[in-house]
Amino acid sequence: MIFLLLGNFILMAFDAKEINSGQRVVRVWTQVAADFVQSPVTSVSSAASNYFQSIANLRTAQTENDVLKQRIQELEVEIKQTAELTAENERLKSLLNLKEQSKYKILPAKIIGRDPSIWFDSSIINRGSLDGVKLNMPVVTDGGLVGRVTAVSPLTAQVDLISRDKSGLGAVIGEIGTSNALGVVSGTSKKEILEMRYVPGSVEVKVGEAIYTTGQDGIYPEGLKVGEIVEVRSGSATTPHQIYIRPSAGLNSMQEVGVLLYESPPRPEFEQKLPNAESKKK
Amino acid sequence: MEQVKLTIALVIAILLQWTLRNVAEPLAFIDFPLIIIVYAALQRNAIRAIIFGTIAGIAVDALSGGLLGANGFSKTLIAYAVSEVARRVYLDNLLLRIPVIAGACLLDDLIYYGTHRLLGQEPSAQVLEIIAYTLIGTTIAGTVVYLMMERFVAESPMRRKRDMFPQRRQTRRRNPIRLSK
């Protein structure tokens, strides 16, 4: 028993030390094995829930039908207006030479598993190293940033959500270049609320403002939407603001995500040699 | 045969733990591998129980965002503690097993949380809420599972009772009246 306990403790110690860089072989192979169970269960359960959902929807269908008929008439008018605006927009875009393409390639993925331990919130996606997924690649939805890849097997990958306490990311209030309210976003004990720290108290911050990544953390590219401010506890000239954010990606309800095929630039050599300052503190 | 049945039960428990959170979030509050590990420990086979604890713990850790080995560590300890208690106290009654599974669940959560705190990896969750819900969920599910296990897995209660309380050899008394004659 002592041997087993010691083995577990050594595993934990190594995992805690290298939580941001390496990945364990046990994780990789367990993910491969689990994929054969998780994928079918997810498909069957989503099919079953869709079926029952459709039955439940029939009840409200009649009233919805009347409302929708009225809405169609309104939309027809809106479509005409939108078509005119789109044409105008196209003309302006061509004038300004704007690129329509996304800056990074996105690999669509489906969430096939959630963290089996209730203490954490990682997710398993059905894309792995065979699809080109690598460690630390950012994961997004159409709403905004979801997290980053922390373990990759050939068929699947594990994604740590931004709501995790340890997932600090560099962020700015408003768009970078127009604002100097820089800070670090990390998780709180509440899943649906993030906290932004180190924003100087002298900077004016309003509820409802959007938060974007800065790209300075060496993991996420700049310009990804993180969320919106829901509460500000104002700081002073010497103390920073305490800012609470609601993530713009629905972290609890997402089923499909996209992996940004973005690799962060390599850190300078002197930075790689630095000891892990955070673990030294503890 | 009982060994095979218990191993199958453990594999099923791990698979359920891997998949059920994706089906419904509240099902994650039930710790299926712990239920089977405590059951194995209650059979008074400490070695089997701690091996079950390590394997199931690492299997759950491997798909979790937590530290690899944290569940293995806590479940190995729980398995040993429960098997030691079961060796000293007669716990084959279902009513007595309910507080055992509840206590094991509470201790498991505390060790898991404690090891993460110790290594600077605090889980981003409301600790008391999770411990309370896990305690309720695992205790209720454990009681139901034990009822099923008693029916399909366990050996006969009479045999277990004989193992726990071996009969004393009884010497035959001589009849004092006959002796006097």
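Predicted model: local features only at pLDDT ≥ 70, side-chain atom pairs only at ≥ 80, totals over all residues.
Two packed helices are described by the angle between their axes and the distance between the axes. On the H4(B) side, the contact is made by B:Ala70, B:Asn71, B:Phe73, B:Ser74, B:Lys75, B:Leu77, B:Ile78 and B:Val82, while H5(B) brings in B:Val100, B:Ala104, B:Leu107, B:Asp108, B:Ile111, B:Tyr112, B:Thr115 and B:His116. Sorted by class, this contact has 10 nonpolar, 4 polar and 2 charged residues.

Helix H4(B) also passes a simple length check. Its 19 residues should span 27 Å at 1.5 Å a residue, and its end C-alpha atoms are 28 Å apart, which agrees. Is H4(B) enclosed or open? Of its 19 residues, 14 are buried, so H4(B) is largely enclosed by the rest of the structure.

Over in chain A, the secondary structure comes to 5 helices and 12 strands. Of the 282 residues in this chain, 29% are buried. If one takes the contacts in chain A with a separation of 6 or more, 59% of them are between residues 24 or more positions apart.

The strands of chain A include a closed barrel of 6 strands, running S1-S2-S5-S4-S3-S12 with antiparallel pairing. From one strand to the next, the twist averages 45°. Helix H2(A) packs on this sheet, where it touches S1, S2 (123–125), S4 (145–152) and S5 (157–161) of chain A; the direction of the helix makes about 85° with that of S1(A).

S1(A) and S12(A) run antiparallel and are joined by 5 bridges, and one bridge pairs A:Lys110 with A:Glu256 in S12(A). S12(A) also pairs with strand S3 (residues 138–140) of chain A, again in the antiparallel sense, over 2 bridges. There, A:Val139 has A:Val259 as its bridge partner in S12(A).

Chain A has another closed barrel of 6 strands, and its order is S6-S7-S8-S11-S10-S9, with antiparallel pairing. Leaving direction aside, neighbouring strands of this sheet are turned by 40° against each other on average. Strands S9 (residues 210–213) and S10 (residues 225–233) of chain A run antiparallel and are joined by 3 bridges. One bridge links A:Ala210 to its partner A:Glu228 in S10(A).

One residue of that strand deserves a look. A:Gly227 is found in strand S10 of chain A. Buried or exposed? A:Gly227 counts as buried because it has 25 C-beta neighbours inside 10 Å, where 20 or more are needed. Leaving out residues up to four places away in sequence, A:Gly227 touches A:Gly144, A:Leu194, A:Ile211, A:Ile245, A:Arg246, A:Pro247 and A:Ser248. A:Gln255 lies 28 residues from A:Gly227 in sequence, and their C-alpha atoms are 19 Å apart in space.

Finally, the two chains meet in a contact that takes 42 residues from chain A and 41 residues from chain B. On the chain A side, helix H1 (2–17), helix H2 (25–59) and strand S1 (106–114) each supply at least two residues. Which element gives the most to this side? H2(A) does, with 10 residues. By class, the side of chain A that touches chain B has 17 nonpolar, 14 polar and 11 charged residues.

Notes
Residues numbered from 1 in each chain as written. Chains lettered and ligands numbered in written order. Contact = placed C-beta atoms within 7 Å. Helix = DSSP H or I, 4+ residues; strand = E, 2+ residues; numbered from the N terminus. Nonpolar A, V, L, I, M, F, W, Y, C, P; charged D, E, K, R; others polar. Pairing = 2+ DSSP bridges. Expected span 1.5 Å × (residues − 1). Buried ≥ 20, exposed ≤ 12 C-beta atoms within 10 Å, placed from the backbone. Axes fitted to C-alpha atoms, helices over the stretch in contact; angles between N-to-C directions.
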